[in-house]
Amino acid sequence: MSALAWFRSVAAKLFRPSEITEETDAELRSHIQLRADDLQRSGLPHAEAERRARIEFGGYQRYREESHQALGGNLIETSLQDLRYSLRVLRKSPGFLFAAVTTLALAIGANAVVFGIMDGLVLRLLNVPQAQTLYGTEYGADPGFQSYPNYLDLRDRNHSFENLAAFKMVFTGLDTGSNPVSTAGYATSGNYFDVLRLQPSLGRFFHPSDERGPNSAPYMVLTWAYWHSHFHDDRGVVGRIVQLDKHPFTIIGVGPPGFHGTLLFVSPDFFMPIVNQQQVDGENLLDARGSTMGIFEAFGHLKPGVTLGQATADVNSVGAYLAKTHPEDFGQKNVLLGRTGLASFDGAVREFTAALMLLAGLVLLAACANLGGLFAARAADRSREVALRLALGSSRTRILRQLLTEAVIISIIGAAVGLLGSVVLLRRISEWQPFPGANLNLPVAPDAKIYFVAVALALLSGFLFGIVPVRQVLRADPYEIVKAGSSARLGRRITLRDLLLILQIALCAVLVTSSMVAVRGLIRSLHANFGFEPRNVMLVNTNMAMAGYTGDQIPAMQKRMVAAMQTIPGVERVGLVNNYPPLVYTAAFRAKIFKEDATDLKPSNAAANPFGYQVSPEYFEAAATSLLAGRDFTWHDGKSAPRVAVVNREFAGEIFGSPANAVGRYFKLQDGTRVLIVGVVENGKYLSLTEDQAPAFFLSFLQVPAVQSMLVVRSNRDPQQLTAAIRSQLHDLDAGLPAQIDTWNNFLDVVMFPARVATMALGVMGLIGGMLSIIGIFGMAAYSVSKRLRELGIRIALGAQRTEVLQTALGRAVKLLAIGSVTGLILGLLATRVLASIVYGATPRDPVVLAGVVVAMALLGLVATWIPAQRALSLDPLILLREE
Amino acid sequence: MSGEAQILPGTLDLLILKAVSLGPLHGYGVLLRIGQISDSALLIEQGALYPALFRLVRQGLLKASWGTSENNRRAKFYELTAAGRKRFREETEGWNRLATAMASALAAQAEEV
């Protein structure tokens, strides 16, 4: 019964709050009226009776509220009241609201995005069952387990993995009846899907039982995404026969949705058995034990109870056995096991996300300092209001609760705005396809975890800084404050607020400094000497295997392509390079080379480990790589001619002392071939922009043919016209040969990617830092001007000059800005060392950066103090003094 | 102050129940009745009555309805519910027991211990 009554009263409160309030008011007023009637009857005049009645009643608002509470449901009711009141108050101070919300939104947004990236790239595992026990061998430049025979040995000899699967990437022409299109796939071991414990969404997968020797399993499994986009969910696709590089393959199944292969960044279009790799690669890469091209990564589930350390030791003991058994082919190195999917990028990705987290943390810290300052200033501003409310009988808890409500409202709005921005940004990132011809797969979809983190961060920082004014409220003596008025003290000592502002500006200066260092590094790397000139060059990527060429047909066709390009009007030079030219797809091959007199050609006796390229005559001219000594290749350096090489300056210097000395000398390849050096070219960059200068050598492509090559076409013509002309020439030569055509600069995007992303991230963080410091300084300056309006008015009335007024009004803000900036600059320069690993040429001792930071912070200060300064200068002492 | 006792916590509720048990009353009437029956020995600020009244309503001990006062003012009248009458009896007994016990304890002489 009483519970029912309680519910009724709560429900009544919730659903008819205004009615209840009116009723309570009516009752309390009726009480006062009845009392006044009595007093009047006892002889008091009407007005006096009413006054006495009200006094005797006591604090009307207080009892009204307490009555409310007694009626139940009051927590919600008072919270709603707090909410309404807070919203009203906030609406009245839009400047504060805007500053606080922007600060929070920036910090929350930045952190949500960075957390999303970390979640997608580091925390989240591959989208396969039990991914947490899946580990793989790390890819490396030395022949480790990167050959098929070594993989087989590792698979059969290890004791740590339940089973071991392997894959390599293949790039093929897929012909479904019309013109062939370029596709990228995985050639995998037969047990690939079994090891991953996956089930097909359609048809079947291939298994070890399908492998019966070379080219015995012409099957392919499509990824769900490729099936969806290119076969339009056609369930009849299973059993269809298509051509991969002119070889018939049967589509036997479609993978599960959401499975993008076992590399985090690049999605394949299909899977095929690795035993058929010769058909799509054009050459057999499976038999050579010393090859690094057979296997990209071998991986499997660790057996239950086996630790990562035990597994690594086990794998390395197999490696030691292989190095002993096959010394000529197996350069022993310590293999590290990494999380499948990240294999070769694990370290870099972790470093990158850790650096981002650090920066985002700094942003958050700066934002918190900013909020702290804002709230503290506001609390000081409102001390009079709080005092009045206390004096009128409001309880301290009630006032605190209301202040916290304000903080929470700001947090929630800030979080909402920040989250909205971050969701948009993360969506963009996950759909991002920055590279031509590669399916980038960045699984950074915003999910519940990210929302949770953002809201938690927002509430935490909101509460933390909503509490700043609490001390002031609790200590407040209403009488003193009301008496003293708002322009009470002019503090000269350093306050908490000053410290917060210095801290915040210092953090922001760190961000601004790092972003400037990064931007400067990127600009420098764009203008660095690559050892070739990528401007005005078109690259044409073809794979002869895709059109079914074999043996001697390959160089003959490639020669015809070069000749065809030369006939295009406006084309200056045409060269050709096997595989990829320098800095394309961060793919380059290193070879062990030996001195001429070396007899034991095992890896440990190598004289150098240079990058190796195979190029056509005129390649150096097409690439604008200058020849320092000797001669270029000619079309006579063919199969039957003596083997010749062109080396770079570093190679010549390292082995022969000087470029001039090298010409006419010999070195040996690992297979024992003697090679004559006929020319020396300038140094360059080969694999990455940040690499140390490495040796490199070039062989004649006629002497070392390869199916995959890139034409290097130099021309001043408009890229689009040129592309069309190249396409039509190729079409005339062989209509069935897919070609990927793009500018060299566009292909450089991949190698620029880390620097670009880092610069972009740092740039954004720097921008956020700059905005935060503007808000912080603006808040501080505006506050100090508004606090001292009267003083400034008196000064102006007494004849102060404009500069003196400005100094009084803003001197302190400017001083804090200077201290903070210098601190931040020094910290930022120290942090630059960390940047050096990602950003090319990041150096702290760069006068441009130093000057840039100083100018940037000064500009920020100017922007932030402009409005307060204008306000201080436009003061009219007459109006001001009259008002106060 | 010596002639007027500050009200003991918890006793206001009982006094209200007592006042209302003698017949329906509006808030101001409750106040007058308490002053009357306690010989003006109990002192509360007038407004403090209402949170207590509302609490009792919420507990289901009192019910309220609007009516007209003796001098034709609109006022809200309170009366006991069945639960209220029961609670009033219990609390009265409890209070009497406590008061008797306290009285005899305070009257005790040294030799009786």
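**A covered strand and what lies beyond**

Modeller: Strand β21 of chain A, residues 708-715, is mostly covered, since seven of its eight residues are buried; a residue is buried if 20 or more other C-beta atoms, placed from the backbone, lie within 10 Å of its own, exposed if 12 or fewer, and partly exposed in between. Strands (E, at least two residues) and helices (H or I, at least four) are DSSP runs, numbered from the N terminus. This is a predicted model, in which local features need pLDDT of at least 70 and side-chain atom pairs count only at pLDDT 80 or more, while totals for chains, interfaces and linings use all residues. Residues are numbered from 1 along each chain as its sequence is written, and chains are lettered from A and ligands numbered from 1 in the order in which they are written.

β21(A) pairs with strand β11 of chain A, residues 537-543, through seven bridges, and the two run antiparallel; strands pair if DSSP finds at least two bridges between them. Within this pairing, A:M538 has A:V713 of β21(A) as its bridge partner. Strand β12 of chain A, residues 571-578, is also joined to β21(A) in the antiparallel sense, over seven bridges, and here A:G575 is partnered with A:V712.

Elsewhere in chain A, helix α21 (residues 649-656) has A:R649, A:E650, A:F651, A:A652 and A:I655 as its buried residues. These buried residues pack against several elements of chain A, including β17 (644-648), α22 (659-662) and β19 (674-681), where contact requires C-beta atoms, placed from the backbone, within 7 Å. After α21(A) comes A:G657, whose phi is positive, near 95°.

In chain B, the axes of helix α2 (residues 27-37) and helix α3 (residues 49-58) come within 11 Å and cross at roughly 105°; axes are lines fitted to C-alpha atoms, for helices over the stretch in contact, and angles run from 0 to 180 degrees between N-to-C directions. The two helices, α2(B) and α3(B), are therefore roughly perpendicular, a term for angles of 65 to 115 degrees. Their contact is made by B:G27, B:V30 and B:L31 on α2(B), and by B:L49, B:Y50 and B:L53 on α3(B).

Between the chains, 20 residues of chain B are in contact with 24 residues of chain A. On the side of chain B that touches chain A, α2, α3 and β5 (74-80) of chain B each give two or more residues, and α3(B) gives the most, with five.

Definitions and conventions: Parallel < 35°, antiparallel > 145°, perpendicular 65-115°, else oblique. Contact = placed C-beta atoms within 7 Å.
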